[in-house]
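Subject: Structure handover

Hi,

Here is the structure I promised to pass on to you. My notes on what turned up in it follow below.

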Number of protein chains: 2
Amino acid sequence: MKNYKITVAYDGTKYNGWQKQGNTQNTIQEKFESILGKMTGQKIEVHGSGRTDKGVHAKGQVVSFKLKSDFEDEEILEYINRYLPEDISALDICEMDERFHARLSAKRKTYVYRIWNSPIHNAFEHRFLYTVEDELDIERMQKTAENFLGEHDFLGFSSVKKTKKSTVRTIYRAKVERCGNEIKFIVTANGFLYNMVRIMAGTVLEAGLSKRESDSVFEVFETKDRNLAGATLPGKGLSLLSVEYRD
Amino acid sequence: MKNYKITVAYDGTKYNGWQKQGNTQNTIQEKFESILGKMTGQKIEVHGSGRTDKGVHAKGQVVSFKLKSDFEDEEILEYINRYLPEDISALDICEMDERFHARLSAKRKTYVYRIWNSPIHNAFEHRFLYTVEDELDIERMQKTAENFLGEHDFLGFSSVKKTKKSTVRTIYRAKVERCGNEIKFIVTANGFLYNMVRIMAGTVLEAGLSKRESDSVFEVFETKDRNLAGATLPGKGLSLLSVEYRD
């Protein structure tokens with residue numbers, strides 16, 4: 001039994017997210033399990049580093065699975081790419097220690113939320129962008145992003161209902177960059193709660209629109225009140241950039 | 001009556017090309033005429049610098065139209081962009097001399113044909129790329145492209161049937177560039193015949209696959225025989241980059 005790690009990129013526009021759950025059809029996980037099943041004749045379970053929601057993209061999703069086969073690593077990668085649709089690709093493959101697990105071994109993940117700030121569409125990348133036409137105060141957005149840094153209870157910045165699991169996460173990086181008409185909110189953490197990046201991005205955006213103060217972030221940390229945080233921005237602007245593992 | 005020039009970008013994937021002709025629905029020209037008609041209450045005729053076929057893209061298509069209105073230039077641009085779908089955008093607007101015509105005044109056009117040379121898809125840009133997995137001889141492709149330079153009869157490099165109009169065109173630039181897994185064939189000419197860039201690109205590609213000599217280009221010029229030229233590559237890899245005008 002070999003344990004593999006592959007890096008995966010996808011345009012999530014057409015998919016119902018990474019994870020198959022219940023009757024959800026057309027997930028990216030499903031595509032991988034179906035291709036690996038066809039290749040090996042076995043039922044292969046594939047683990048992603050985390051769920052990405054409907055319409056969310058990935059440049060560096062990490063996927064792991066165990067396989068009993070005589071295929072060379074490169075043959076597996078070739079086989080997968082031959083059968084993947086055009087909007088999903090397997091970028092590399094690596095044989096790992098048997099304990100490696102894409103989700104459980106992950107230490108840090110980085111997401112980017114991309115905002116297009118112009119009344120003139122970006123005809124080529126609109127699938128990956130959320131458009132906001134109003135003028136944005138970038139400094140205020142940057143200040144708001146910085147307020148996320150460190151260890152906090154992010155319950156108020158999530159769609160999680162009451163839970164016994166910890167909702168404390170550590171943010172290692174949170175910044176806002178403008179490049180031409182595009183504004184990126186980039187955030188690295190040891191983990192993210194359900195809808196957490198999209199709500200953080202919504203909060204940063206509302207600060208940019210001068211609808212809230214940058215310090216309102218602390219109020220949400222204190223009260224854990226979802227209603228005090230920003231709106232959940234649409235999935236289309238969000239991409240999972242990379243996942244880091246120990247060593 | 002004012003005469004306007006606008007620069008237009010589009011992802012042509014979903015459209016039946018630029019030009020409405022006969023019963024063809026869902027063309028880009030149609031979108032502009034319908035928006036300008038709604039804006040002014042008049043029937044406005046819009047001219048493109050050239051037809052782009054079904055599935056072909058543009059970064060710098062040029063469009064002209066005459067309009068009787070009290071709108072400021074910027075108001076017209078804003079109005080158009082408000083009603084255009086996400087995969088089409090109007091980049092700028094300029095008031096021109098009454099004699100200006102997007103097609104008749106054009107002096108040079110530049111197209112790029114983009115080939116993706118890897119078995120690993122480009123999940124984010126596959127709409128704009130034609131994929132070729134086999135190894136390509138770039139030098140041979142470059143040599144083939146250079147053979148197009150100058151003034152020649154391109155009848156053999158087109159889907160044009162017998163015609164009384166001249167099929168002589170002048171190529172000012174024709175080059176092949178590799179950047180990572182992407183290979184671009186860029187060509188500038190004083191005009192292009194029907195399917196000409198796609199057939200030139202097909203000929204360059206076949207040279208890269210060592211299916212033909214770079215000098216086979218001259219044979220097509222001499223015989224004007226379409227069958228001796230390369231295949232017509234799919235529209236999806238083609239983009240109209242820019243149009244130049246005298247001034």
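Strand β8 (residues 168-179) of chain A pairs with β9(A) in the antiparallel sense, over eight bridges. Two strands count as paired if DSSP finds at least two bridges between them, and strands (E, at least two residues) and helices (H or I, at least four) are DSSP runs numbered from the N terminus. Within this pair, Val176(A) stands opposite Phe185(A). The two strands form a hairpin with two residues between them, and Gly180(A) in the turn has a positive phi of about 65°.

Strand β5 (residues 106-116) of chain A also runs antiparallel to β9(A), joined by eight bridges. Here Tyr111(A) is the residue opposite Val187(A). Strand β9 (residues 182-189) of chain A has seven of its eight residues buried, so the rest of the structure largely encloses it. Buried means under 20% relative accessible area, exposed over 50%, and partly exposed in between (1.4 Å probe, protein chains only).

A word on the ground rules: this is a predicted model, in which local features need pLDDT of at least 70 and side-chain atom pairs count only at pLDDT 80 or more, while totals for chains, interfaces and linings use all residues. Residues are numbered from 1 along each chain as its sequence is written, chains are lettered from A and ligands numbered from 1 in the order in which they are written, and side-chain values use heavy atoms, with hydrogens and water left out.

**Chain A as a whole**

The secondary structure of chain A comes to five helices and 10 strands. Its radius of gyration is 19 Å, close to the 18 Å that the globule rule gives for 247 residues, so chain A is as compact as a globular protein of that length. (The radius is taken over C-alpha atoms, and the rule is 2.2 Å times the number of residues to the power 0.38.) Along the principal axes, the C-alpha atoms of chain A fill a box of roughly 60 × 45 × 35 Å.

Buried residues make up 54% of the 247 in chain A. Among contacts in chain A between residues at least 6 apart in sequence, 71% join residues at least 24 apart; contact means heavy atoms within 4.5 Å.

Chain A is divided into domain 1 (2-96) and domain 2 (108-244), with bounds that come from an automatic or database domain assignment. The centres of these two domains, taken over C-alpha atoms, are separated by 27 Å. Across the divide, 16 residues of domain 1 of chain A are in contact with 15 residues of domain 2 of chain A.

**Two residues to look at in chain A**

Is Glu33(A) buried or exposed? Glu33(A) sits in helix α1 (residues 28-40) of chain A and is buried, with a relative accessible area of 11%. Leaving aside neighbours within four places in sequence, Glu33(A) is in contact with Lys20(A), Ile44(A), Glu45(A) and Val46(A).

Lys165(A) is found in the loop between β7 (150-153) and β8 of chain A. At 70% relative accessibility, Lys165(A) counts as exposed.

**The cores**

A nonpolar core is a set of buried Ala, Val, Leu, Ile, Met, Phe, Trp, Tyr and Cys residues joined through side-chain atoms within 4.5 Å. The largest one has 67 residues, and those touching the most other members are Phe32(B), Phe65(B), Ile80(B), Phe148(B), Phe157(B) and Phe185(B). Helix α4 (residues 196-208) of chain B gives the most to this core, with seven residues. At least three residues come from each of domain 1 (2-96) and domain 2 (108-244) of chain B. A second, separate core of 66 residues includes Ala58(A), Ala106(A), Phe221(A) and Val243(A).

Not counting residues up to four places away in sequence, Phe185(B) touches several residues, among them Tyr111(B), Phe148(B), Val176(B) and Met200(B).

**Helix α2 of chain B**

In α2(B), the buried residues are Ile76(B), Leu77(B), Tyr79(B), Ile80(B) and Asn81(B). The buried residues of α2(B) pack against β1 (2-10), α1 (28-40), β3 (57-67) and β4 (88-96) of chain B. Tyr83(B) also lies in this helix, which covers residues 73-83, but Tyr83(B) is partly exposed, with a relative accessible area of 40%. Apart from neighbours within four places in sequence, Tyr83(B) is in contact with Ile35(B) and Lys38(B).

Happy browsing!
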